[in-house]
Amino acid sequence: MRLLHTSDWHIGRTFHGHDLLDDQWRVLSELAELVRAERVDVVLVSGDLYDRSVPSGEAVRLCVDVLERIRDAGARLVVTPGNHDSPQRVGAFAEFAAAGGLHLHTRTSRLHEPTVLEDEHGPVAFYGIPYLEPDPARQVLRSTPAPGACAQDIGRDHPSVLEEAMNRVRAELAGRPAARSVVLAHAFVTGGEGSDSERNIAVGGVDRVPAAVFDGVDYAALGHLHGPQRVSERVRYSGSPLAYSFSEAGQRKSVWLIELGADGVSEARRHELPVPRELATVEGTLEELLNDPEHEAFTDCYVSATVIDETRPLDGMRRLQRRFPHAVHMDWQPAEGRAGAALRYSEAVRGRDEQQIARDFVANCRGGDPSESERALLDRALADVRASEVRE
């Protein structure tokens, strides 16, 4: 049986305010072509199908279209929600969807109940563990005894509830001695490397779980971390299909093609995905960024620029976008020597009147003194405040 391991589609996400639906369609629709070319039997989506718990109508439509294309290409799908998803919304009509080849594992109380599919070597049991918010998951698991349920109280952190979930999976799997097994889970596993675009799932300072929690299954298809990576031969992250932060600029997005033989995983191949638009970070004075031929290669990229100038440039982003139409982020750093030492508040205001404090604040933030017209505006604002205080 050939599996395609994906995760973290985040349909509906924006990138620094830029709509990504077209980019997401271009990449995700390619999965159907990969299914057809590689004769994939089952596509796995290990959480964060959507970027929001209440996705927009456009995001839902795109997701449905992608799932239909994958199904029409000949694969069945197994999906579990992540920390960005609403399990109730993702799992709506799950029983009906299963009849059409879309298997939705969204209920914590039933995480030990697998989807069982067959190939020439026999059955494969797919267990979907939705993202387990520790306190709610703990309450559900305590109130729904199941094979392998913990006899003691369950801890209040993510490792404890995930360990309890896997105990239930292993207990159920013990009754299927001839079956191979695949677990989908959404978690931060020790040994994985995060990026800036994942939402923090730490509770009480604990978010990572040991890879050993997945002992006893043939393959653990993980989601949550956006970089493709191998924790062990049988524990892997596919990563997100697109980059969702500039910290991912060096990553080449991909999916895993997993071959299940008679005795478990016989092959794992990484397949790189198309890149709708590259990411680039540039740095220099505004004039350098606007005129240096070295930056010509980045004109069609999503650009994050760090402008290093004496003063914060006026209308800097608009000027950058004349050269880089897809510039989405700009930082300003004062040129070396302009940044003064940090002062305590009492030192910053000592011996200064309101006007001088306001002007110094502008100069500190922008790296240059306010103009005559700006000083007039500041003085007028302070006068209006004083007049208002007198009236009260």
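**Exercise 1. A bridge and the sheet around it**

Leu3 has Val42 as its bridge partner in strand E4. The model is predicted, so local features need pLDDT of at least 70, side-chain atom pairs count only at pLDDT 80 or more, and totals for chains, interfaces and linings use all residues. Residues are numbered from 1 along each chain as its sequence is written, and side-chain values use heavy atoms, with hydrogens and water left out.

Task: Determine in which sense E1 and E4 pair, and state the order of the strands in the open sheet of 6 strands.

Solution. 

Step 1. Helices (H or I, at least four residues) and strands (E, at least two) are DSSP runs, numbered from the N terminus. Two strands pair if DSSP finds at least two bridges between them.

Step 2. Classify the pair. E1 and E4 pair in the parallel sense, over 4 bridges.

Step 3. Extend to the sheet. The order is E6-E5-E4-E1-E15-E16, and the pairing is mixed. E6 and strand E16 (264-272) stand at the edges with a single partner strand each, so one side of each has no neighbour in the sheet. On average, neighbouring strands of this sheet are turned by 20° against each other, direction ignored.

Step 4. Helix H1 lies across E1, E4, E15 and E16 and runs at about 160° to E1. Helix H2 lies across E4, E5 and E6, at about 140° to E5. For such angles, axes are lines fitted to C-alpha atoms, for helices over the stretch in contact, and angles run from 0 to 180 degrees between N-to-C directions.

**Exercise 2. The surroundings of His5**

Task: Decide whether His5 is buried or exposed, and find which side chain makes a polar contact with the side chain of His5.

Solution. 

Step 1. Locate the residue. His5 lies in strand E1 (residues 2-6).

Step 2. Apply the cut-offs. Buried means under 20% relative accessible area, exposed over 50%, and partly exposed in between (1.4 Å probe, protein chains only). His5 has 0% relative accessibility and therefore counts as buried.

Step 3. List neighbours. A contact means heavy atoms within 4.5 Å. Not counting residues up to four places away in sequence, His5 touches several residues, including Leu44, Ser46, Arg236 and Trp256. The C-alpha atoms of His5 and Leu222 are separated by 8.5 Å, although these residues are 217 residues apart along the chain.

Step 4. Identify the polar partner. A polar contact is a pair of N or O atoms within 3.5 Å; within protein, one must be able to donate a hydrogen and the other to accept it, and residues adjacent in sequence count only if both atoms are side-chain atoms. The side chain of His5 makes such a contact with the side chain of Tyr219, at 2.8 Å.

**Exercise 3. A buried serine**

Solution. 

Step 1. Ser254 is found in strand E15. Its relative accessibility is 1%, so Ser254 counts as buried.

Step 2. Among the residues that Ser254 touches, not counting residues up to four places away in sequence, are Pro228, Ser238 and His271.

**Exercise 4. The nonpolar cores**

Task: State how many residues the largest nonpolar core has, and which element supplies the largest share of this core.

Solution. 

Step 1. A nonpolar core is a set of buried Ala, Val, Leu, Ile, Met, Phe, Trp, Tyr and Cys residues joined through side-chain atoms within 4.5 Å.

Step 2. The largest such core has 41 residues, and those with the most contacts inside it are Leu4, Trp9, Ile11 and Ile70. Elements that each supply at least two residues of this core include helix H1 (21-38), helix H2 (57-72) and strand E15 (254-261). The largest share, 7 residues, comes from H1.

Step 3. Another core lies apart from this one; it has 28 residues, among them Leu132 and Leu162.
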